[in-house]
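This briefing goes with the sequence and coordinates shown below. Please keep both open while reading.

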Amino acid sequence: GEEPTARWLWMMNLLVFAALAPAAYYNQHALLIAGFVFLFVLQNLWRPLYVSRFARQSGAASAATLLSIESQARSACTMVVAPLLGYAVDLVQKRGLGGAYWPASVLGLVVAIVFLVTTRTRRSVRRLNCDPA
């Protein structure tokens, strides 16, 4: 099913980012490259699942509009997050706080945790309310 698969993919992201954080801190470039390649593979597994979830939740007429909105939201998020992450990486480098790229790993770890916790919370709330959805 889509929900268990999405949860599995988020868990894999969490594990990869948890491994990337110390690898980035200690400048283990081979592990960083392998980790980001694995994240790319996970993203390619996520995309068809994501599109099918959009298609299931919307009608055929609005599916393209929803995907366009999703694309624009992703671009807007990148516009905000990229400069902040760049600032964090520069700050870490300037102050000599380990390898330069660990803030990106920590951000990915936090995002994965937030998504896993919120999806679990929604499922628990549905059970408590006896909502069949």
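The model is predicted, and the values quoted are computed from its atoms.

**Nonpolar core**

- The largest nonpolar core holds 17 residues, and the members that touch the most others are Leu20, Leu39, Leu42 and Trp46.
- Helix 1 (2-25), helix 2 (29-57) and helix 4 (102-129) are the elements that each give two or more residues to this core.
- The greatest contribution is that of helix 1, with 10 residues.
- In soluble globular proteins, nonpolar side chains tend to be buried together.
- Leucine 42, apart from its neighbours within four places in sequence, is in contact with Trp8, Leu9, Met12, Asn13 and Val16.

**Helix 2**

- Helix 2 is 29 residues long and spans 41 Å from first C-alpha to last, close to the 42 Å expected at 1.5 Å a residue.
- Its buried residues are Leu32, Gly35, Leu39, Leu42, Trp46, Leu49 and Phe54.
- These buried residues of helix 2 pack against helix 1 and helix 3.
- An α-helix has 3.6 residues a turn, so residues three or four places apart point the same way.
- Of the buried residues in helix 2, Leu39, Leu42 and Trp46 are also among the core members that touch the most others.

**Glutamate 70**

- Glutamate 70 lies in helix 3, which runs over residues 60-95.
- This glutamate 70 counts as buried because its relative accessible area is 10%, under the 20% cut-off.
- Its side chain is joined to that of arginine 47 by a polar contact of 3.4 Å.

**Aromatic pairs**

- The count of aromatic pairs is four.
- Tyrosine 25 and tyrosine 26 form an edge-to-face pair, with 5.0 Å centre to centre and 85° between the planes.
- Tyrosine 25 is classed as partly exposed because its relative accessible area is 38%, which falls between the 20% and 50% cut-offs.
- Tyrosine 26 is classed as exposed because its relative accessible area is 58%, over the 50% cut-off.
- Trp10, Trp46 and Phe115 are linked into a cluster by ring pairs.

Conventions. Residues numbered from 1 in each chain as written. Predicted model: local features only at pLDDT ≥ 70, side-chain atom pairs only at ≥ 80, totals over all residues. Heavy atoms only, no water. Core = buried A, V, L, I, M, F, W, Y, C linked by side-chain atoms within 4.5 Å. Buried < 20%, exposed > 50% of the residue type's maximum accessible area, 1.4 Å probe, protein only. Helix = DSSP H or I, 4+ residues; strand = E, 2+ residues; numbered from the N terminus. Contact = heavy atoms within 4.5 Å. Polar contact = N/O pair within 3.5 Å; in protein donor to acceptor, adjacent residues only side chain to side chain. Phe/Tyr/Trp six-rings, centres within 6.5 Å; stacked < 30°, edge-to-face > 60°. Expected span 1.5 Å × (residues − 1).
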